[in-house]
Amino acid sequence: MAKVYRISPTQWSMCAIGVPADGKTMGHISKDLLREYVHALPPPATIQVKVHGARKLKDVNKGSANAFCEVLFDVDRAKSSVVANTLEPHFNMAARLQGHGTHVDVNVWHKRSGRLEKPLFLGRAVLAVPVISDGMCTRWHALEGRSELDAHITGKVKVS
């Protein structure tokens, strides 16, 4: 028997398979098929996350990046200001987020110079909520890609 549940805004997990699937993929499956397998929401939680900075980011702008981070918990989100021209930005961003999720996404982006250009994805770290709520110590988490196409992702993000 398969169980389907949302672990973060961008990931779904099927217990029978055990490999996270993109939320967009789950949208293609009939809702009637999924209904009997969907878990109830986890209890509501309020979490405090601090993103200190990042290091060893991918060089996207001639030796630098205009980096910012975005923290997602269920449907709540917080965004840092842009730290310009560095591959080792110090975000020093604290966020208090509420939701029903079991994981927190910390995404790092490069802000492009054009007003209409979309930000460039530099990587993400997916952290389990129990680790954060039990007084997680400050540590570096490796950035990962969203799919096999993001094999070029490098760097780490410091979170507490």
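Buried denotes a relative accessible area under 20%, exposed one over 50%, and partly exposed the range in between, as computed with a 1.4 Å probe on protein chains only. The legends below concern a predicted model, in which local features need pLDDT of at least 70 and side-chain atom pairs count only at pLDDT 80 or more, while totals for chains, interfaces and linings use all residues. Residues are numbered from 1 along each chain as its sequence is written, and side-chain values use heavy atoms, with hydrogens and water left out.

**View 1. Overview of the protein chain.** The protein chain contains 3 helices and 11 strands; helices (H or I, at least four residues) and strands (E, at least two) are DSSP runs, numbered from the N terminus. Along the sequence these elements follow the pattern β-β-β-α-α-β-β-β-β-β-β-α-β-β. Of the 160 residues, 38% are buried. The chain exposes about 9400 Å², of which carbon and sulfur atoms supply 53%; accessible areas come from the Shrake-Rupley method with a 1.4 Å probe, and for residues only the protein chains shown count as cover. Among contacts (heavy atoms within 4.5 Å) with a separation of 6 or more, 56% are between residues 24 or more positions apart.

**View 2. Confidence along the chain.** The mean pLDDT, the predictor's confidence in each residue from 0 to 100, is 78 for the protein chain, and 70% of its residues reach 70 or more. Over residues 15-24 pLDDT stays under 50, and the model has 17 contacts for this segment beyond four places in sequence.

**View 3. The open sheet containing β4 and β7.** Four strands form an open sheet in the order β7-β4-β11-β10, with antiparallel pairing; two strands pair if DSSP finds at least two bridges between them. Strands β7 (90-99) and β10 (139-142) are the edges, each pairing on one side only. From one strand to the next the twist averages 35°, with axes being lines fitted to C-alpha atoms, for helices over the stretch in contact, and angles running from 0 to 180 degrees between N-to-C directions. Strand β4 (residues 45-55) is joined to β7 by 8 bridges in the antiparallel sense, and Ala45 stands opposite Gly99 of β7.

**View 4. Strand β8 and its partners.** In strand β8 (residues 103-110), 7 of the 8 residues are buried. Strands β5 and β8 run antiparallel and are joined by 7 bridges; Phe68 has Trp109 in β8 as its bridge partner. Strand β8 also pairs with β9 (residues 120-128), again in the antiparallel sense, over 8 bridges. There, Asn107 has Arg124 in β9 as its bridge partner.

**View 5. Surroundings of Ser64.** Ser64 lies in the loop between β4 and β5 (67-73). With residues up to four places away in sequence not counted, Ser64 touches Asp59, Asn85, Thr86 and Leu87. Ser64 is buried because its relative accessible area is 9%.

**View 6. Asp74 and Asn92, two residues with positive phi.** Most residues other than glycine have a negative phi. Asp74, although not a glycine, has a positive phi of about 55°, and Asn92, likewise a residue other than glycine, has a positive phi near 45°. Asp74 is located in the loop between β5 and β6 (76-79), whereas Asn92 is found in strand β7. Asp74 has a relative accessibility of 8% and therefore counts as buried. Asn92, at 53% relative accessibility, counts as exposed.
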